[in-house]
Amino acid sequence: MKVVVGSPGTVGGLLLRTGQCLFAGASIAFMVSASGFSSYTAFCYLVASMGLQALWSLGLGCLDTYALRMKRDLHNPILVSLFVVGDWVTATLSLAAACSSGGVSVLFSKDVGFCSAYPQLSCKKFEISVVLAFTTWLFIAMSSLVMFWLLASV
């Protein structure tokens, strides 16, 4: 297998996983700290999706750290195919959650004016959480493409 920037067991892969985990955690933190988020299904879905993403990224980040420390090669076709499936599933869930939450945030702030009518809603925190979720998805998309590229090169 080719060694591609961001492939498992490399510093680039570890940085991608760390970025995914940190941005997913930050998205969760902003959403959970916003009052009233649990009343809206899209925001609850965002928290669940980012939680799954943070756990997946943390696990693979630990695996990357282990591989770097022990100088192991993670380019086994079975492992890479597992990484591909996991990355594509979490990427799809994360994009769906970010898009649905983004739609609700735009609806609240621009279309129906909930943010100005109900100042107790933390609309800015909702929006920041959505931006962080999209940033998380960008990192996931990069990882997914790298993994798919590695699997195709077998």
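Which residues form a nonpolar patch on the surface? Keep that in mind while you go through the views below; the second one has the answer.

View 1. Starting at the N terminus, the order of elements is α-α-α-α-α. The C-alpha trace spans about 55 × 25 × 20 Å along its principal axes. Residues are numbered from 1 along each chain as its sequence is written, and side-chain values use heavy atoms, leaving out hydrogens and water. Since the model is predicted, local features need pLDDT of at least 70 and side-chain atom pairs count only at pLDDT 80 or more, while totals for chains, interfaces and linings use all residues.

**View 2. Here is the nonpolar patch on the surface.** Its members are Tyr45, Leu52, Val85, Val89 and Leu93, and together they have about 390 Å² of accessible area (Shrake-Rupley method, 1.4 Å probe, with only the protein chains shown counting as cover for residues). To join such a patch, a residue needs over 30% relative accessible area and no salt bridge, and nonpolar side chains (Val, Leu, Ile, Met, Phe, Trp, Tyr) are joined within 5 Å, like charges within 9 Å. Helices α2 and α3 (77-111) each supply at least two of the residues. The largest share, three residues, comes from α3, and Leu93 is found in that helix.

**View 3. Helix α1 meets helix α2.** The axes of α1 (residues 11-33) and α2 (residues 41-70) come within 8 Å and cross at roughly 155° (axes are lines fitted to C-alpha atoms, for helices over the stretch in contact, with angles from 0 to 180 degrees between N-to-C directions). The two are therefore roughly antiparallel (over 145 degrees; under 35 is roughly parallel, 65 to 115 roughly perpendicular, and the rest oblique).

**View 4. Helix α2 meets helix α3.** Their axes come within 9 Å and cross at roughly 150°. That makes α2 roughly antiparallel to α3.

**View 5. A salt bridge joins Arg17 and Asp87.** The closest N and O atoms of the pair are 2.8 Å apart (a salt bridge needs a side-chain nitrogen of Lys or Arg within 4 Å of a carboxyl oxygen of Asp or Glu). Arg17 sits in helix α1 and Asp87 in helix α3, 70 residues apart, so this pair links distant parts of the chain.

Definitions and conventions:
Helices (H or I, at least four residues) and strands (E, at least two) are DSSP runs, numbered from the N terminus.
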